There are 2 protein chains.
Amino acid sequence: MTLPATAAPRIEVLSVGDELLAGTTQDTNSSFIARELFALGLGLSRVTLVGDTAADLRQAFAAALDRSRVLIVTGGLGPTVDDRTKEVVAEHLGDELELDPSVLEDIRARFAARGRAMPEINKKQAMLPRGGHAIPNPVGSAPGVHWSRAGREIFLLPGVPAEMQAMLRATVLPQLALLFPAAERRLVTFRTCGIAESELAERLQPLMQQHGDVVWAFYPSWGGVDVKLRGQAPAGGVSRAGVADERWAGLCDGVRRVIGHYLYSESPDVTLAEVVRRLLVARGWTMAVAESCTGGLVAARATEVSGSSAVFTGGFVTYANEAKTAWLGVPEDLLAVHGAVSAPVAAAMARGALDRAGAHVAVGVTGIAGPKGGTPEKPVGLVFLALASPEGCWTRRLHLTQRRDMNRAIASQLALDLVRRHCCGLPVGDPE
Amino acid sequence: MTLPATAAPRIEVLSVGDELLAGTTQDTNSSFIARELFALGLGLSRVTLVGDTAADLRQAFAAALDRSRVLIVTGGLGPTVDDRTKEVVAEHLGDELELDPSVLEDIRARFAARGRAMPEINKKQAMLPRGGHAIPNPVGSAPGVHWSRAGREIFLLPGVPAEMQAMLRATVLPQLALLFPAAERRLVTFRTCGIAESELAERLQPLMQQHGDVVWAFYPSWGGVDVKLRGQAPAGGVSRAGVADERWAGLCDGVRRVIGHYLYSESPDVTLAEVVRRLLVARGWTMAVAESCTGGLVAARATEVSGSSAVFTGGFVTYANEAKTAWLGVPEDLLAVHGAVSAPVAAAMARGALDRAGAHVAVGVTGIAGPKGGTPEKPVGLVFLALASPEGCWTRRLHLTQRRDMNRAIASQLALDLVRRHCCGLPVGDPE
């Protein structure tokens, strides 16, 4: 997905930190920034990962700045001596650092709120360059810095993803949107769950060919695939380029038809957990879970959104068979005949949770997460999901991967998706 | 973690592909290469992600080559027109591409083995530069290329991770091991939980100053802080540089003393969950959990490691007060008098889980994850942990942050850490 060179300013990311070069930490900041820029009609031209060594950092910064209209630097704003991004950049720009008393006060207050005195080394984080502006950090102690210098915008942000993300959204992106107002853009996100990227791409192929002037992007993750479309509205006047209202609406309808019941949201920030929460609230329902191989992840996912306590009664993590029987009432002979990893046991777990929690809907999950514990009949990656409600019980069989973490993540998302489907009156599996 | 410039050759990675800059594909190749190089005593000095545009690629390649003793380029060796790495690099090096009949035959054979004729565009992959050597690709159709030129080693590898990894291990790493036999290195990792990076750094400051020839690196995450130290062993002979055995042992002992009971592992790959699992196995114990605000994350964390089913009986996610009472036996008047977020309720939850699960140790967590639900007396971020065993019950009060995801992650890790502490006979909190 290359943005037209004429339309967009050159934007680069410089990610700083020895841990990025050591392979112990994956740089996720640059891809997050790239995805957020997409929504503004902007794109990245280059990403550089560099270590904490001052000489290297200085050289990489100078070269990137030379090439860029906008340079976003992440990492190296912490309190320790190997955090030297701010110092190196300020020196390069000929700016002196001075203590900002109000920032220092903020940092002290952050520590005080947690009942601690600010360690002396954190004072370093309150040093700000004369010619730059502090970027507030709503999440951590290190503020960022913004310079407008010689026709260039330079943003320094912390490397901790949560802090970087919050500051990018609150301060950096709004400023970029002001500086580079895009021609009227059309942008839509389709969030899907339960369908593979390759199948989605194959199904959408005809629409992609038909609308070659629209930028299509696929963002797969263990939770599903997001499909983003970006187009340019007609500029008006004599130019006929761009996607007219009617065509755009028709295209979006076409995509919705193709994705069908795999589509759970058209808001990029609304997670499946939030969709499920809203659906339950709208119906006045509560949910409960009973899980084995996902080990608490379904519950954790359901409760990741604020306000979930109103709809989530609780969950049982029944790893041991005794717990399945004692806490959920799964009959011992069912376990003996079918084994713990089976559709009947998943169903009995869901019904047990429904009953014990007095909920309107409950899901059950049992499977072999791996990497050990597989047999020829029940291999690693075999998972059974069940959904129980007063109207009945349904089950689904999944064949996932060899990876424990992936299996747990995918199964927990698909388990939650059963609740969405049930709330929407969609088929959730085979009747028990 | 910077390698001393004198001891190690400068190695860079250039990752090529528009998809890396769009944020749709995460560049995992460079961190894989970094981890593999580490085992050879080598390290990366820089990573550059660049798109498929020829001019950009040419500039990035030339600059990286200029800085490097070894340059590993990944991506852009496919058959399509926007795969142009080989062409751009060969041109820069003044090499002509010519068809290699044996490579062409290999590619044809690969397709034939899958019952397909080779598409004409794949012929491009059999074009090799006169001055380079083909690197066999055991997994896919595109061979790589290796040049030794002007004292530099240049390796072109495909971007598909499976192909890149196989070729790196089979060809590139053995060549690098021959070219750069490593001096003996000393390396140690201290994994900590429950102490902030800044406090850790402050406590270690005297040792860091005393051992300035040792590389110190701090890797903070929501799960704790890893501290890594790397030194060079004395080279022998007249040179006295390097850290002698005795000094290294003394330094490591010093770090252990400073970190104290916050240290849970000295193996970089062993997680807290794995440490807890091993401790429980060694004692023949089982554990259970009862959680409210962490919503299943403590259970999910405890079960993230293979083999956890032998020590983890199960868990209760009791979001609703009714669930706390019905499933765990938390007295209603306790909830009424102290509120759900209180030390007595955390303790009652832990004791309930211990009892219901018949486990040897159980933890309870209750708190206000946020962002809503806080009051002046019980603000967002207030969390109570409890640990119950047949010997007694202990509680701990935490003041965390304003962020729901962070509070949940930190609290669940600290809850698991209580089990480690209990197994090790360390203090876990205030007696109930």
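## A walk through the A–B pair

Let's begin where the two chains meet: 40 residue pairs across the interface of chain B and chain A are in polar contact, both residues at pLDDT 80 or more. (A polar contact is a pair of N or O atoms within 3.5 Å; within protein, one must be able to donate a hydrogen and the other to accept it, and residues adjacent in sequence count only if both atoms are side-chain atoms.) On the side of chain B that touches chain A, the residues split into 32 nonpolar, 24 polar and 17 charged. Here Ala, Val, Leu, Ile, Met, Phe, Trp, Tyr, Cys and Pro count as nonpolar, Asp, Glu, Lys and Arg as charged, and the others, Gly among them, as polar.

A quick word on ground rules: this is a predicted model, where local features need pLDDT of at least 70 and side-chain atom pairs count only at pLDDT 80 or more, while totals for chains, interfaces and linings use all residues. Residues are numbered from 1 along each chain as its sequence is written, chains are lettered from A and ligands numbered from 1 in the order in which they are written, and side-chain values use heavy atoms, with hydrogens and water left out.

Back to the interface. Chain B brings 73 residues to the contact and chain A brings 77 (contact means heavy atoms within 4.5 Å). About 5,600 Å² is buried between the two chains, with carbon and sulfur atoms giving 53% of that; buried area is the accessible area (1.4 Å probe) that two parts lose on being put together, summed over both. B:R46, B:Y319 and B:W327 supply 11% of the area that chain B buries against chain A, more than any other three residues.

The rule also finds 3 salt bridges across this interface, a salt bridge being a side-chain nitrogen of Lys or Arg within 4 Å of a carboxyl oxygen of Asp or Glu. In a salt bridge you can look up, A:R10 meets B:D56 at 3.2 Å, N to O. Strands take part too: strand 14 (residues 312–318) of chain A runs antiparallel to strand 14 (residues 312–318) of chain B, joined by 5 bridges. In that pairing, A:G315 stands opposite B:V317. Two strands pair if DSSP finds at least two bridges between them, and helices (H or I, at least four residues) and strands (E, at least two) are DSSP runs, numbered from the N terminus.

Now step inside chain B, to strand 3 (residues 70–74). This strand is largely enclosed by the rest of the structure, because 5 of its 5 residues are buried; buried means under 20% relative accessible area, exposed over 50%, partly exposed in between (1.4 Å probe, protein chains only). One side carries B:V70, B:I72 and B:T74, the other B:L71 and B:V73, and both faces are covered. Strand 1 (residues 11–16) of chain B pairs with strand 3 in the parallel sense over 5 bridges, with B:L14 partnering B:V73. Strand 8 (residues 152–157) of chain B also runs parallel to strand 3, again over 5 bridges, and there B:L71 has B:I154 as its bridge partner.

B:M287, in strand 13 (residues 287–291), is buried at a relative accessible area of 2%. Its contacts beyond four places in sequence include B:V276, B:F312 and B:L416. B:T189 sits in strand 9 (residues 185–192) and is buried as well, at 3% relative accessibility. The side chain of B:T189 makes a polar contact with the side chain of B:K228 (3.2 Å).
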